[in-house]
Amino acid sequence: MIDICCIGHITLDKIVTPDKTAYLNGGTSYYVSHAISKLPPISYKLITSLAQSEMSAVDDLRAAGIDVDVIPSRNTVYFENRYEANMNNRTQRVLAKADPFTAESLKDVYARYIHLGSLLADDFSIEVMKQLKGHGTLSVDAQGFLRYVDGEKVYPCQWQNKLEAFKYIDILKVNEHEIESLTGYTDLRQAAKQFDDWGIKEVLMTLGSYGSVIFVKGNFYEIPAYKPTKIEDATGCGDTYAAGYLYSRAKGAGYVEAGKYAAAMCTLKIEHTGPFDRSETDIYNIIRK
């Protein structure tokens, strides 16, 4: 069986920082795939959806040794990400949307870990999660379920049918803003108790430069943030964290070890524009410092 399968759209990204503007491919699926491709090999597959005009992004991934299945779409997701000097602050526009994934198109997906990289609220339906439940440990990034597009603008929204969705989710990744949106709490312990009451037993709570907290079956594991030598681009840091965590868990690591591995990968990723491009040796060097 495949160790990890990531499902999500590849995007076109325009990244604007105070220092420069860059045009890149992106999306959870892209950042997760590139990150895992730089690590010692495990069995990994990407399932993505994009327009034929952007298939060069898939060609690049395959050239890097990544197994990719493509579901055709009429369009490719096109994001504009603008960052302030504080990289924790981001505004977005969406200039195009891809077709949502369907339960029928994913019915034959099985893996030890299945990660849904949501970008927008309608990427994955309840039917998709229900289809995948039992096909592997289902990991979901909350970010896309909490934003919708009206015109070109991205707006925060409530996660429709979240309690139904939580019946099928094993691992939920959320940042500090998503935690408050979903639970109404800013206090992590109160929020974690709420997630537990809703049936989520493993929650990855990423807090930017303040580190992360992993909540599993009533236990809290605090993970430090490792200071980067410079801050270049935060796009994809959350996806890099998810990649590192799932990879490390698939290799048999415990929660703290996996959290530190993921956090170190984020530190290395934020030091440059584009996906994670360092080695496992670099990751352990960060952790040992």
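These legends accompany close-up views of a predicted model. Local features are given only where pLDDT is at least 70, side-chain atom pairs count only at pLDDT 80 or more, and totals for chains, interfaces and linings use all residues. Residues are numbered from 1 along each chain as its sequence is written, and side-chain values use heavy atoms, with hydrogens and water left out.

**View 1. Y30 and Y31 form an aromatic pair.** A search of the whole structure finds 12 aromatic pairs. The rings of Y30 and Y31 have centres 6.1 Å apart and planes at 85°, so this pair is edge-to-face. Rings of Phe, Tyr and Trp (its six-membered ring) pair if their centres lie within 6.5 Å; planes under 30 degrees apart are stacked, those over 60 edge-to-face, and the rest tilted. Y30 and Y31 are both buried. Buried means under 20% relative accessible area, exposed over 50%, and partly exposed in between (1.4 Å probe, protein chains only).

**View 2. Y247 and Y261 form a stacked pair.** Their ring centres are 5.9 Å apart, with 20° between the planes. Y247 lies in helix α7 (residues 237-250) and Y261 in helix α8 (residues 255-270), so the pair ties together parts 14 residues apart in sequence. Helices (H or I, at least four residues) and strands (E, at least two) are DSSP runs, numbered from the N terminus. Y247 and Y261 are both buried.

**View 3. An aromatic cluster, and a charge over a ring.** F145, W159, F166, F195 and W198 form one aromatic cluster. R189 lies over the face of F220, 4.2 Å from the ring centre. A charge sits over a ring if NZ of Lys or CZ of Arg is within 6 Å of the ring centre and within 35 degrees of the ring normal.

**View 4. Helix α8 packs against helix α9 (residues 280-288).** The angle is about 105°, and the axes are 9 Å apart. Axes are lines fitted to C-alpha atoms, for helices over the stretch in contact; angles run from 0 to 180 degrees between N-to-C directions. α8 and α9 are therefore roughly perpendicular (65 to 115 degrees) to each other. On the α8 side, the contact includes E257, K260, Y261 and M265. Contact means heavy atoms within 4.5 Å. The residues of this contact divide into eight nonpolar, one polar and four charged. Ala, Val, Leu, Ile, Met, Phe, Trp, Tyr, Cys and Pro count as nonpolar, Asp, Glu, Lys and Arg as charged, and the others, Gly among them, as polar.

**View 5. A258 and G259 in helix α8.** A258 is buried, at 0% relative accessibility. Beyond four places in sequence, A258 touches G244, Y245, S248, R249 and A253. A258 and I223 are 35 residues apart in sequence and 9.5 Å apart in space, C-alpha to C-alpha. G259 is also buried, at 0% relative accessibility. Leaving aside neighbours within four places, G259 contacts I214, I223, Y241 and Y245. G259 and S212 are 47 residues apart in sequence but 7.8 Å apart in space, C-alpha to C-alpha.

**View 6. Positive phi at N161 and K217.** N161 has phi near 60° and is not a glycine. N161 is found in the loop between β11 (153-156) and α4 (162-165). At 52% relative accessibility, N161 is exposed. K217 has phi of about 50°, and is not a glycine either. K217 is found in the loop between β14 (212-216) and β15 (219-223). K217 is exposed, with a relative accessible area of 64%.

How values were computed: Angles under 35 degrees count as roughly parallel, over 145 as roughly antiparallel, 65 to 115 as roughly perpendicular and the rest as oblique.
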